[in-house]
Amino acid sequence: MSRDRSIRRGQALAGWTFVSPTLVVLGLFLAVPVAMALWVSFTDWNGRGSPFASGIGFVGADNYRELVGEQGGLTRSDFMTSLRNNFFYVLLVVPLQTAFALFLALVLNQRLLKAVGFFRTAFYFPSVVSSVAISLVFLFLFSGTGVVNSMLDAIGIDGPTWFNDSRGLFHLLGDGLGLWSTADPPSALTGSGVLGLTWWQWISGPSVALSVIIMLVVWTTAGTFMLMFLAALQDLPVEVEEAARIDGAGAWGVFRNVTLPHLRPTMLLVTTLGLIGTWQVFDQVYVMTQGGPGKSTLTPAYLSYSYAFDNQKWGIAAAMAFVLFLIIFAMTSFQRFLFRDRDAIATKRAEKRTKKAHANAPAGGAS
Amino acid sequence: MSPVSSPSRRRRTSLVALALGSSIALAACGGGGFEENGSDEPASSGDGPAKLQVLIGSSGDAETQAVQDAADAWAEESGNEVEVVVANDLAQQLSQGFAGGNPPDLFYVDAGVFGDYAEAGNLYPYMDQLADADDFYPNLVDSFTLDGEAYCAPKDFSTLALEINTAAWKKAGLTDADIPTTWDELQAVAKKLTTPDQAGLALSIGRDRVGAFLVQNGGFWVDAESGEATATEPSNAEALEYVQSMLDGGEAVLAPDVDAGWGGEAFGTQKAAMTIEGNWIRGAMENDYPDVEYTVAELPEGPAGKGTLLFTQCWGIAADSENQAAAVDFVEAMTTPEQQLTNADAFGVMPSREAAQADYVEQFPEDAPFIAGGDYGQGPVNLPGLGPVVADLDSQLEQLRTADVEDILESFQKNAEAELQ
């Protein structure tokens with residue numbers, strides 16, 4: 001017995017030794033910086049010297065109050081504008097990129113398709129090219145006299161000045177449907193609001209400039225997610241599909257009742273990664289728009305960067321980062337909840353119930 | 001060049017920065033280690049030769065080379081060592097240095113961020129140690145003064161002036177006598193120059209252009225001396241309304257309206273017959289639009305007299321630097337009238353010393369309208385903590401043509417007061 005325990009102890013020691021390099025690296029480059037940033041978000045540190053030095057003032061939750069409270073003023077309306085922009089961005093990018101990736105994967109998974117390798121590489125290509133390089137190409141494509149507008153011109157459409165256009169798509173849509181006029185927005189919406197923005201500002205939708213970034217991101221990320229879907233699709237045994245077909249299911253029925261349920265774990269992975277990535281969008285904004293025009297491409301990640309490095313407001317910048325973290329955490333948890341396997345849960349509950357019933361059954365009773 | 005003047009400029013700068021960044025990173029991998037191993041001298045101390053680190057935000061190879069040459073000459077003469085590093089993101093690299101307690105000894109500080117750096121205690125005030133410190137343009141020194149203390153020496157400056165397309169001017173039947181000297185004349189010639197394909201005047205968006213009209217009307221966004229926001233003074237609203245009336249009449253346009261990133265692009269592509277830009281437009285015209293002939297005039301006088309905007313950077317010395325004495329000596333050498341004229345020749349900036357003005361005008365007579373602004377120009381908003389407030393102002397000024405001028409000024413006033421109290 002004692003000998004057995006000492007062997008186990010040796011195993012534990014060896015185990016810790018093996019993981020220690022990873023633990024040290026993770027701790028040094030992840031846990032410690034996160035803890036430091038958390039501390040900074042509670043101070044008025046101005047970026048000079050160590051944030052732990054004696055002269056640094058602890059301000060409690062002041063920085064957070066600045067972001068969401070009445071006294072925030074411009075800081076609050078900046079932050080809320082960035083959250084609004086990012087919300088519409090996520091709302092469009094995640095479903096679009098997931099659907100697009102799934103579509104590409106389904107196309108590639110056709111057994112009749114020739115040159116799968118070529119198409120796989122072609123679709124995946126945007127994902128491996130530097131996002132900065134792609135952003136630059138888009139800047140030229142979508143300039144006022146760029147390729148896109150020339151093509152629109154050819155079919156008789158007068159294209160917008162994309163990156164200079166801060167009008168919201170929902171505003172324009174409402175205008176087009178005759179719900180309101182953007183030149184003279186309804187006073188019911190402009191007169192009141194919440195958290196530093198009027199209702200009219202909240203419902204603007206992504207601006208024209210932001211929608212270019214949306215297109216870019218959908219195009220570049222779909223390739224990566226396509227690979228994930230493709231891997232999952234190739235895991236699906238042909239026999240299962242054939243069995244379903246023999247049972248009389250059509251193509252849509254097979255997709256709806258066999259393929260999609262099989263893809264559920266991948267779907268969770270793709271949407272979760274998509275959600276996290278889109279809430280953290282930074283490089284495209286940094287390279288292409290710096291938050292403009294009219295702050296309509298400002299995102300929390302870029303705003304936090306700008307408050308810290310351009311304006312030396314480190315405490316507020318760190319607080320923004322942590323609010324962003326909370327938002328991502330909450331949304332991801334909610335998503336996990338939505339994607340939970342209801343069948344598995346039901347089976348588990350049923351099992352529990354039967355066990356209970358057995359235990360409660362009188363001794364000697366039939367099992 | 002001094003200011004970040006427009007989105008497209010900024011974009012282009014970041015491209016260059018990124019490109020430079022990667023090459024610097026590679027270069028650093030290759031060479032950095034050897035030097036450190038090679039020299040056995042103490043890094044820095046009071047008696048031994050100092051080793052200065054200089055971090056610059058360079059406008060290009062010409063500037064880098066000029067600074068490098070001047071630094072080498074100084075190192076040779078003083079027996080110190082200098083390492084000139086070109087930043088790919090100056091703000092970020094400085095922040096890292098300040099936070100880590102090992103900032104570069106010397107670096108460029110833009111007047112717009114000076115207030116924040118000085119307030120945080122990152123800058124070493126050394127103006128009182130410079131010989132001939134009162135020879136710098138007072139308006140420039142004011143841009144680097146916080147709470148009555150002058151911190152650092154302006155290395156050079158730029159001002160705004162009126163650029164006029166010569167061909168369009170002649171075609172509209174205008175002569176040298178018509179060069180506008182008042183607001184009314186400016187509007188009148190802009191109207192005459194406006195054709196279906198060409199606006200009379202193009203302005204870059206943001207406070208760094210329309211601000212000149214505020215100065216000409218005796219106002220400005222803030223009063224740097226008292227540290228108060230003054231945006232709601234009636235003179236400011238009048239100035240903005242004047243610009244708005246030109247935008248409204250169609251004789252003036254904002255650069256994005258004619259699909260240009262900044263005024264210089266609208267001017268170079270001849271979508272506008274006049275623009276208001278700084279002397280940095282010279283390089284752009286020479287490289288991108290060599291066929292467009294133009295003349296430069298001082299900005300017209302407003303009701304309150306002459307006014308323009310100044311853009312400048314200073315030689316900041318880190319408060320945490322161990323080589324402050326050597327650094328001051330370095331600044332001294334870099335800001336002599338002779339050195340400033342060399343720089344002017346090399347990369348087109350204007351000397352910050354009044355002693356160099358006469359020589360400069362002699363050397364570059366066509367730049368006289370620019371340098372004249374040194375006497376009456378107004379530096380940028382440099383009060384600490386106002387970064388997001390002026391960014392918000394710029395964002396609102398994008399809509400200047402249709403916006404309510406009073407609303408813009410009031411929201412700036414409110415935001416600035418909240419920050420300055």
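Analyst: Rings of Phe, Tyr and Trp (its six-membered ring) pair if their centres lie within 6.5 Å; planes under 30 degrees apart count as stacked, over 60 as edge-to-face and the rest as tilted. W45(A), F282(A), Y286(A), Y302(A), Y305(A), F309(A) and W314(A) form one aromatic cluster.

This is a predicted model: local features need pLDDT of at least 70, side-chain atom pairs count only at pLDDT 80 or more, and totals for chains, interfaces and linings use all residues. Residues are numbered from 1 along each chain as its sequence is written, chains are lettered from A and ligands numbered from 1 in the order in which they are written, and side-chain values use heavy atoms, with hydrogens and water left out.

Over all chains, the count is 37 aromatic pairs. One of them joins F87(A) and F88(A) edge-to-face, at 5.6 Å centre to centre and 65° between the planes. F87(A) is partly exposed, at 39% relative accessibility. F88(A) is buried, at 7%. Buried means under 20% relative accessible area, exposed over 50%, partly exposed in between (1.4 Å probe, protein chains only).

Now chain B. W74(B) and F330(B) also pair edge-to-face, with 5.2 Å centre to centre and 90° between the planes. W74(B) sits in helix α2 (residues 61-78) of chain B and F330(B) in helix α12 (residues 324-334) of chain B, so the pair ties together parts 256 residues apart in sequence. Helices (H or I, at least four residues) are DSSP runs, numbered from the N terminus. Both W74(B) and F330(B) are buried.

Charges meet rings too. K155(B) lies over the face of Y108(B), 4.1 Å from the ring centre. R353(B) lies over the face of F136(B), at 4.3 Å from the ring centre. A charge sits over a ring if NZ of Lys or CZ of Arg is within 6 Å of the ring centre and within 35 degrees of the ring normal.

How values were computed
Helix = DSSP H or I, 4+ residues; strand = E, 2+ residues; numbered from the N terminus.
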